[in-house]
2 protein chains.
Amino acid sequence: MNLHEIASRSRAASYDLSVSSVEKRNKALSLMIDYLERDRELIFDSNKVDVAEAESEGLAAPLLHRLVFAGDKLKQVQAGLRSLISLEDPIGHTVFCHEITEGLKLYRVTCSIGVIGVIFESRPDALVQITSLAVKSGNSVILKGGREALRTNQALIHSIRSALDDAGFSPDAAQLLETREDVSAMLKEDALIDLVIPRGSNAFVRYIMDNSRIPVLGHADGICHVYVDQDADLNLAFKVALDSKIQNLSVCNAEETLLVHRNIAERFLPEFAGMLTENHVEIRGDEMTGSLIQCKPASEEDWKTEYLDAILSIRVVSSLEQAIEHINHYGSHHTDCIITENDEAAKTFLDRVDSAGVYRNVSTRFADGFVYGFGAEVGISTGKIHSRGPMGLEGLTTYKYKLLGNGQTMAEMKSGARRYTHRILQEDCPL
Amino acid sequence: MNLHEIASRSRAASYDLSVSSVEKRNKALSLMIDYLERDRELIFDSNKVDVAEAESEGLAAPLLHRLVFAGDKLKQVQAGLRSLISLEDPIGHTVFCHEITEGLKLYRVTCSIGVIGVIFESRPDALVQITSLAVKSGNSVILKGGREALRTNQALIHSIRSALDDAGFSPDAAQLLETREDVSAMLKEDALIDLVIPRGSNAFVRYIMDNSRIPVLGHADGICHVYVDQDADLNLAFKVALDSKIQNLSVCNAEETLLVHRNIAERFLPEFAGMLTENHVEIRGDEMTGSLIQCKPASEEDWKTEYLDAILSIRVVSSLEQAIEHINHYGSHHTDCIITENDEAAKTFLDRVDSAGVYRNVSTRFADGFVYGFGAEVGISTGKIHSRGPMGLEGLTTYKYKLLGNGQTMAEMKSGARRYTHRILQEDCPL
């Protein structure tokens, strides 16, 4: 099948999904739980082949670890599906109702987006998460996973498609692409695909943007900052700045740069440097930092780097404003935190830092769809359009305007035969 | 100044606008009313030169008409500014509040987008509308108007920039580009510009999408349909189908294709054809239409064409489903209407037609930001991402997550020392 045919089928499947009852969509999710269980041996065996091949090709240990799909991963994925079933239906809600003129009511009603292309990395469990979020929100997905997980993904999509089929949906609501050429071809189908979500490196996301007219939502880098203000509580600062860095080194919401106000640097940095060293974190500091603690010198490049590793860059700043400027200039608009007891400084930071998540006195590691109470996420958006931060079910929906009248014409409005009432009503759309 | 410098200044100005009080932003709008009055002679004189030049170059009459900026246009623009001042502040609203764990609260708060590039057509009044909507919502704009309106736009932007200046904002919150090369250069500034809104032809919007990584929102074609169902009230159908076509021929929400159910075609079409002919509307019909009324034959191309003229294509369909398929296939996802007394048919149409506006028994001409009660619009979005249909103040805003804690770490969550509470609270963000 060529990509145009795949996208056409996905579009057709999306129209049925978009008008189906939430019970029917939940039934598909529930069958996914069952069929993943039924097919577990096939899935695990396929994964063993993928893992063995990746090992023989010398895939790095952390990536190999993410590739493994065994009993505990299956249980997690099934638990995720159960929690998704329990979430409220995100589509068909009346957001507001305006009476425009007598007998004419405008309803904004949430609805699914349509066809979503998702390109994701090596974790096969991401395939189930993404597909199930899409189905729950009434969307079709066209998926492309990592090459190293191909057999596992094929086994998983087989179970998912049978669940869709047996719930009364077209299995084409979830289709798996297998090659890079398929992705290139998919990017041309802007008449049939509504949104592309790439998960991957900054360069990869830019490649997608440069090669498609389809809107792109996704996150590029996560260069998160913690700024220790002059009015910080020192113990709280130690705790939060350390957790943001070391709790998980390889995630997008980990701290990459620490900024410290010069009035507190002498009290904060020496003790904090000890904590970092104890946790095997390499420090790269600016000149002022280097005069207070032992560290490698930080280059301009360091401020722009997402290490995803046991490295922290540190800069001493002379003011709150300088900290904000640094973050807006070098950051990636993901998540940034101020440590301060001063309400005014906190407000200035939260208002002026141009990021999806702006935190006060809490670890950057909290930037996550599950943590935020969204159930799950398809990714974290560092853009500002449509969806910002963790994208859950709501990020996969849009709205339409339903206008219900009884023969109103613009000629009547222009002539004054009818007049605008523009009343806000508390009413759900009856259709 | 090169475009990078222009965009950098726009970005800097946007940060101050984004945190300013609504009183200060309203003050700028109010000064715009005054300064446009103060500078009226300069503006009118500049416009006269533009119009004379356009006339000598043979600009078509409807475009010439749009180019004129005289006393009545100034009054309209000033009335628009007054109505905008009276609208509620769109930024700084807490959308929701979640308690994540004890003492840790997540607030989603609306905020401005940042820097918006707008490319608009020959009407100079659009410059004031767009800029004032941007200022009210805390955004900077970089504007590019039609070449033929350059002197008028220069005069208008001068008054607007003095108003910004005297209200205490940087005048660089509103900058006017003058050449096509400037637009090309602007499209490269994806690190500094957050959104581009092109108003123009389908081909022009595609050119923008193909040449920028900046998200694009805008409308391309408006191919709007009216479908007369077998259960239509005939008199209502005549009235709405006619108004949708003739009330204003050259606008994006005018009807371009009429679909008629075959069970009602014999009763509807002959009389309706008489009304069209009376109003000098040319008819292009499919074979079945041609067997019922006199008309030119419609080609495949007709179904894809936005005439913006006194032409209507007509097709007889054998079912509601065929009408929906036609609209989803050939339409532009702008606004489409069903005429029916049958609730079930109406619901199917409203749910399955994949357009920003789906109407029952009312003219398509109602698709407009003022009519919808949004005060004004920067354009009508036919995409599904971020904003759909008429884009008013809300379309120029996004949100950020403010997370306020007192030292919470992910290590505590993972160890179970703290647990997730995930309570929804009715609370505004205190910072």
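What share of the 431 residues in chain A is made up of buried residues? In this predicted model, buried residues account for 55% of the 431 residues in chain A. The secondary structure of chain A amounts to 16 helices and 17 strands, and the C-alpha trace of the chain spans about 75 × 65 × 35 Å along its principal axes. Among contacts in chain A that link residues at least 6 apart in sequence, 71% are formed by residues at least 24 apart. The domain assignment divides chain A into domain 1, which takes in residues 3-218 together with 383-396, and domain 2, which covers residues 224-366. The centres of domain 1 of chain A and domain 2 of chain A, taken over C-alpha atoms, are separated by 35 Å.

The relation between the two chains was examined by superposition. Chain B is superposed on chain A, with an RMSD of 0.1 Å, by a rotation of 180 degrees with 0.0 Å of shift along its axis, and the two copies are therefore related as by a two-fold rotation axis. Of the residues of chain B, B:His386 comes closest to this rotation axis, with its C-alpha at 1.8 Å. The same surface serves both copies, in that 100% of the contact residues of chain B recur in chain A.

At the interface, 63 residues of chain B are in contact with 63 residues of chain A. On the side of chain B that touches chain A, at least two residues each are supplied by strands S1 (94-101), S2 (104-112), S13 (357-362) and S16 (397-408) of chain B, and likewise by helices H9 (202-210), H10 (234-246), H15 (343-352) and H16 (410-415) of chain B. S16(B) gives the most to this side, with 11 residues. By class, the side of chain B that touches chain A comprises 28 nonpolar, 18 polar and 17 charged residues.

In soluble globular proteins, nonpolar side chains tend to be buried together. The largest nonpolar core of the model has 248 residues, of which A:Met32, A:Ile130, A:Ile339, B:Met32, B:Ile130 and B:Ile339 touch the most other members. When residues up to four places away in sequence are not counted, B:Ile130 touches B:Val118, B:Phe120, B:Val141, B:Leu143 and B:Val378.

Backbone geometry in two loops of chain A was also considered. The loop between helix H16 (410-415) and strand S17 (423-425) of chain A contains A:His422, which has a positive phi of about 45 degrees although it is not a glycine. Because A:His422 has 14 C-beta neighbours inside 10 Å, this residue too counts as partly exposed.

Definitions and conventions
Residues numbered from 1 in each chain as written. Chains lettered and ligands numbered in written order. Predicted model: local features only at pLDDT ≥ 70, side-chain atom pairs only at ≥ 80, totals over all residues. Contact = placed C-beta atoms within 7 Å. Helix = DSSP H or I, 4+ residues; strand = E, 2+ residues; numbered from the N terminus. Nonpolar A, V, L, I, M, F, W, Y, C, P; charged D, E, K, R; others polar. Buried ≥ 20, exposed ≤ 12 C-beta atoms within 10 Å, placed from the backbone. Domains from an automatic or database assignment. Core = buried A, V, L, I, M, F, W, Y, C linked by C-beta atoms within 7 Å. Least-squares fit on C-alpha atoms with pLDDT ≥ 70 in both.
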